[in-house]
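Work through the following exercises with the sequence and the model at hand. Each task is followed by a solution in steps.

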Amino acid sequence: MAFSPFIRRAISSKLFSVHKSYLLRSPSTFHHAPTRINHSPSSSYSSLPSYMRAAVFSEPNKPLTIQEFHMPRPKAGEVLIKIKACGVCHSDLHVMKGEIPFPSPCVVGHEITGEVVEHGPLTDRKTIERLPIGAHVVGAFIMPCGNCSYCSKGHDDLCEDFFAFNRAKGTLYDGETRLFLHKDGKPIYMYSMGGLAEYCVTPAHGVSILPKSLPYTESAILGCAVFTAYGAMAHAAEVRPGDSVAIIGIGGVGSREEIHVRPAIIHTQAIPFLPQGVEGVRFCYGCGDHWCYGCGDQRGGL
Ligand SMILES: [Zn+2]
Ligand SMILES: [Zn+2]
């Protein structure tokens, strides 16, 4: 799978430093009295809460609401993750503004780090050994199924099941969500794994080990903004040392591109948009940009 090698490269290159303002920690108020429930043999936890909380999107331009859910249960080849941090990505905001059609109500959030707490029944031994209980992990926003024609060729970024089921229907690859409201059992759709929650279920193919030396919060965007920036630079633009590049917008992806190009001594021109203001300009110069423009009006020129 392409995700794991990339994560290793990103970690070794210290590409993971991020603006903390993009990230949310799991709310410290999300505590429940533990309740004993039945677990598969591959769970080392003798008890987990019987329910959890998650932020639910119901309709565009309305606030998310915190609601209680039955504890999500993983199926074969899936893991249950106790979420430690989740990035807030503009893709989430597109859904919340109604700019990207997606089934609702749903739980958004797809840039997660956390701890493996349970494997689905009948999950194969290789997966359990790769992702043992207690492992620190980082999730990819594209959760490859590992079985389709694209995944089998290593093009897991084009996974058919991910786009056919998750992005089109808000479910995992058996056509079902793992999220059900505690009060009435109503199913709630999942945008990727539904990361703005205390726990989530994700296919094991969409998870990589996060070394315990790395912080949960700063590492959360490894699975989206960081590899999106890397893909744009390395594969789409095929940027090489000595090239000149213009980075338009210093958000989650643009700021990662700043970090990617710096070690290669590439001439950069960065164009922060107005909302990023002085902070965006400072960040660009801090990265060694040769030129940095401020955009006075997102609809107009520079
Ligand atoms: Zn994202
Ligand atoms: Zn696939």
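## Exercise 1: Charges over rings

Task: find the ring under Lys153 and state the distance from its centre.

Solution. Lys153 lies over the face of Tyr150, 5.6 Å from the ring centre. The criterion asks for NZ of Lys or CZ of Arg within 6 Å of the ring centre and within 35 degrees of the ring normal. A second case is Arg167, whose charged end sits over the ring of Tyr191, 3.9 Å from its centre.

Conventions for all exercises: this is a predicted model, in which local features need pLDDT of at least 70 and side-chain atom pairs count only at pLDDT 80 or more, while totals for chains, interfaces and linings use all residues. Residues are numbered from 1 along each chain as its sequence is written, chains are lettered from A and ligands numbered from 1 in the order in which they are written, and side-chain values use heavy atoms, with hydrogens and water left out.

## Exercise 2: The zinc ion (ligand 1)

Task: list the donors of the zinc ion (ligand 1), name the geometry of its site and locate His110 and Cys224.

Solution.

1. Donors are N, O and S atoms within 2.8 Å of the metal (3.2 Å for Na, K and Ca); water is not among the atoms, so sites may look incomplete. Here Cys89 (SG), His110 (NE2), Glu111 (OE) and Cys224 (SG) coordinate the ion, at 2.1 to 2.5 Å.
2. Four donors count as tetrahedral if all angles lie between 85 and 135 degrees. The angles among the 4 donor atoms run from 89 to 131°, and the site is tetrahedral.
3. Along the chain the donors follow the spacing C-x20-H-E-x112-C. His110 is in the loop between β5 and β6 and Cys224 in the loop between α6 (216-219) and α7 (225-236), so this pair ties together parts 114 residues apart in sequence. Helices (H or I, at least four residues) and strands (E, at least two) are DSSP runs, numbered from the N terminus.
4. Buried means under 20% relative accessible area, exposed over 50%, and partly exposed in between (1.4 Å probe, protein chains only). Cys89 at 13% is therefore buried, as are Cys224 at 6% and His110 at 0%.

## Exercise 3: The zinc ion (ligand 2)

Task: which residues coordinate the zinc ion (ligand 2), and how many disulfides does the structure hold?

Solution.

1. The donors are Cys145 (SG), Cys148 (SG), Cys151 (SG) and Cys159 (SG), at 2.3 to 2.4 Å.
2. Angles of 101 to 117° among the 4 donor atoms make the site tetrahedral.
3. The spacing of the donors along the chain is C-x2-C-x2-C-x7-C.
4. Cys151 is buried because its relative accessibility is 12%; Cys159 is buried at 0%.
5. A disulfide is a pair of cysteine sulfur atoms within 2.5 Å. The structure holds 0 disulfides.

## Exercise 4: Aromatic pairs

Task: classify the pair of Phe162 and Phe163 and the pair of Phe165 and Tyr173.

Solution.

1. Rings of Phe, Tyr and Trp (its six-membered ring) pair if their centres lie within 6.5 Å; planes under 30 degrees apart count as stacked, over 60 as edge-to-face and the rest as tilted. The structure holds 4 aromatic pairs.
2. Phe162 and Phe163 are 4.9 Å apart centre to centre with 85° between the planes, an edge-to-face pair. Phe162 is buried at 1% relative accessible area, whereas Phe163 is partly exposed at 40%.
3. Phe165 and Tyr173 are 6.5 Å apart centre to centre with 55° between the planes, a tilted pair. Phe165 is partly exposed at 21%, and Tyr173 is buried at 18%.

## Exercise 5: A sheet and its edges

Task: give the strand order of the open sheet that contains β9 and explain why β5 and β8 are edge strands.

Solution.

1. The 3 strands are ordered β5-β9-β8, with mixed pairing.
2. β5 (106-107) and β8 (179-180) each have a single partner strand, so one side of each is left without a neighbour in the sheet.
3. Two strands pair if DSSP finds at least two bridges between them. β8 and β9 (residues 187-190) are antiparallel over 2 bridges, and Phe180 has Pro187 in β9 as its bridge partner.

## Exercise 6: Backbone angles

Task: where is Leu122 placed, and is Leu122 buried or exposed?

Solution.

1. Leu122 is in the loop between β6 (112-119) and α3 (125-130). Its phi is near 70°, a positive value in a residue other than glycine.
2. At 84% relative accessibility, Leu122 is exposed.
3. Ser192, in the loop between β9 and β10 (199-203), has a positive phi near 55° and is buried at 0%.

Terms used: Four donors count as tetrahedral if all angles lie between 85 and 135 degrees; four count as square planar and six as octahedral if opposite donors are over 155 degrees apart and all others between 65 and 115; anything else is irregular.
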